[in-house]
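Thanks for coming. I will take you through one structure today, element by element, and give each term its cut-off when it first comes up.

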Amino acid sequence: MRIKPISKIIALAVIAILAASSTPSLAKVIHRHPVAPTVHEDVTAVPLTSIHVLGDRPAPFALDARAAYMIDADTGAVLYAYNEHDKMQPASLAKIMTFYLSLDALKAGKITPSTDVTISENAWRLSMNDTVSRMFLGVGQKVAVNDLLYGLMVSSGNDAAVALAEYLGSTTDGFTRMMNDKATEIGLKETHFNNPDGLPDQGEFTTAADMVALAHSLVIHHPEALTYTSAKEFTFDKISQPNFNKLLLHDPRVNGIKTGHVDEAGYHLVASASSNGMHLLSAVLGAPSEARRVTESEKLIDWAFRTFVSYRPDLKKAMPRTIPVHDGVAETVAIGPNGEAAFTLGRGEETKVTVQFEPSVRYVDAPVQPGTQVGDLTVLLAGKPESTIPIVTKAGVERAGFFGRLRQKIGRML
């Protein structure tokens, strides 16, 4: 008996469905981070009136993320911010602190880039876990610190984080205490770490403001950090992995720093970017997808470079290079800004700027300590004070002996 065409089609469809449901998967998908839910709830955009922009300018846009914070790294000026103090899981952003402590140890000479670290079973087990990011370390393997640092910041290796933590802190718990001590030292009041890799744990949290503060302290004390975080890929044991920070591939101005993701908090990106003498640091936390954390960060960075400039006045014209010293072994001492003399201005406002030095003393008495404040350098925009930076002594001057002081006193009387 022949089956009618329509019946034949139905029969074939049923067979195909049954076959598909019973056929095992041909390939296993490896997830570098915990698997995200299939459907994300949209992040409700905050009202523009809730967004703070430098100089009380109108907010240009809201971002598709739970929180955001951006500063001019040279001046510390906050360019854009909302929900920056809302606490959430840090995810792999915790590895920024693991990285920081490792660079501290390098600087202190406790380790060198070539120091070999023996990989423990704990670190190896993470390298075998296909739900987390890893650099594929082997148990008992000896791996140079420099490779672990690239594996940590490029491959986002949880195994690298544990390997470094165990070497520097004896145990991950000991290293975690070091992380929280460093957070206190830096002034991070809205952050608590429970482990060196950022895998979700109860009581672990951070904020956008704290993550930018951490990145800021990192690049100030360890400018070499950006060499690691700007690498677009890293190859270890013949396994090449691209940097999780895909913004590096989209914008040549970007030079790091770190991504993170857990289901509870969403997708994070702390970014560093430099262009035309301006250095930006931003944090976009809680974006709904990997793609959105990239597009929202890029939107913020592009807007900031188009809107602001880091203005550096000509100090030779603005203020004297020295100030007189009374009763010292030297008659003058060099003075200059306490830090970099840079001010954040709106692009195009440079022509409206005047700079004036306002001394607080006419001279200093020896002994003089470096860093003694002698006045302020004020930037005025259209005649109104815009920003001020302290002017301090750049060296010390010892007190002269009796006859030296007497000779100076006579000289001042004549």
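How many residues does helix 2 have, and how far does helix 2 reach from its first C-alpha to its last? Before the answer, some ground rules. This is a predicted model, in which local features need pLDDT of at least 70 and side-chain atom pairs count only at pLDDT 80 or more, while totals for chains, interfaces and linings use all residues. Residues are numbered from 1 along each chain as its sequence is written, and side-chain values use heavy atoms, with hydrogens and water left out.

Now the answer. Helix 2, residues 94-107, has 14 residues and reaches 20 Å, close to the 20 Å expected at 1.5 Å a residue. The expected span is 1.5 Å times one less than the number of residues in the helix. Helices (H or I, at least four residues) and strands (E, at least two) are DSSP runs, numbered from the N terminus.

Next, is helix 2 enclosed or open? Of its 14 residues, 12 are buried, so helix 2 is largely enclosed by the rest of the structure. Buried means under 20% relative accessible area, exposed means over 50%, and partly exposed is in between, with a 1.4 Å probe and protein chains only. Among the buried residues of helix 2 are Ile96, Phe99, Leu103 and Leu106. Ser102 also sits in helix 2, and its relative accessible area is 0%. Neighbours within four places in sequence aside, Ser102 is in contact with Ile111, Leu149, Leu164 and Leu168; contact means heavy atoms within 4.5 Å. Just after helix 2, Gly109 has a positive phi of about 80°.

Let me step back to the whole chain. There are 12 helices and 18 strands. Of the 414 residues, 49% count as buried. Among contacts between residues at least 6 apart in sequence, 66% join residues at least 24 apart.

On to the strands. Strands of a sheet pair through backbone hydrogen bonds, either parallel or antiparallel. Here, two strands pair if DSSP finds at least two bridges between them. Six strands form an open sheet in the order 1-3-2-10-9-8, with antiparallel pairing. Strand 1 (52-53) and strand 8 (254-262) stand at the edges with a single partner strand each, so one side of each has no neighbour in the sheet. Strand 1 is joined to strand 3, residues 78-82, by two bridges, and Val53 stands opposite Tyr80 in strand 3.

Seven of its nine residues are buried, so strand 17 is largely enclosed by the rest of the structure. Strand 17 pairs with strand 15, residues 353-359, in the antiparallel sense over seven bridges, and there Glu358 stands opposite Asp376. Strand 17 is also joined to strand 18, residues 384-393, by eight bridges, again antiparallel. Thr378 has Thr388 in strand 18 as its bridge partner. Strands 17 and 18 form a hairpin with two residues between them, and Ala382 in the turn has a positive phi of about 55°.

Now charges. Side chains of opposite charge can pair when their charged atoms come close. A salt bridge here is a side-chain nitrogen of Lys or Arg within 4 Å of a carboxyl oxygen of Asp or Glu. How many salt bridges does a search of the whole structure find? It finds 13. One of them joins Arg57 and Glu349, with the closest N and O atoms 3.4 Å apart. Arg57 lies in the loop between strand 1 and strand 2 (67-72), and Glu349 in the loop between strand 14 (343-346) and strand 15, so the pair ties together parts 292 residues apart in sequence. Arg57 is partly exposed at 24%, whereas Glu349 is buried at 19%.

Asp302 and Arg306 form a salt bridge as well, at 3.1 Å between the closest N and O atoms. Being four residues apart in helix 10, these two are separated by about one helical turn. Asp302 is partly exposed at 29%, and Arg306 is exposed at 52%. There is also a network of salt bridges linking Asp64, Arg292, Glu296 and Lys299.

Last, the end of the chain. Leu414 lies in the segment after helix 12 (402-413) and is exposed, with a relative accessible area of 86%. That is where I will stop.
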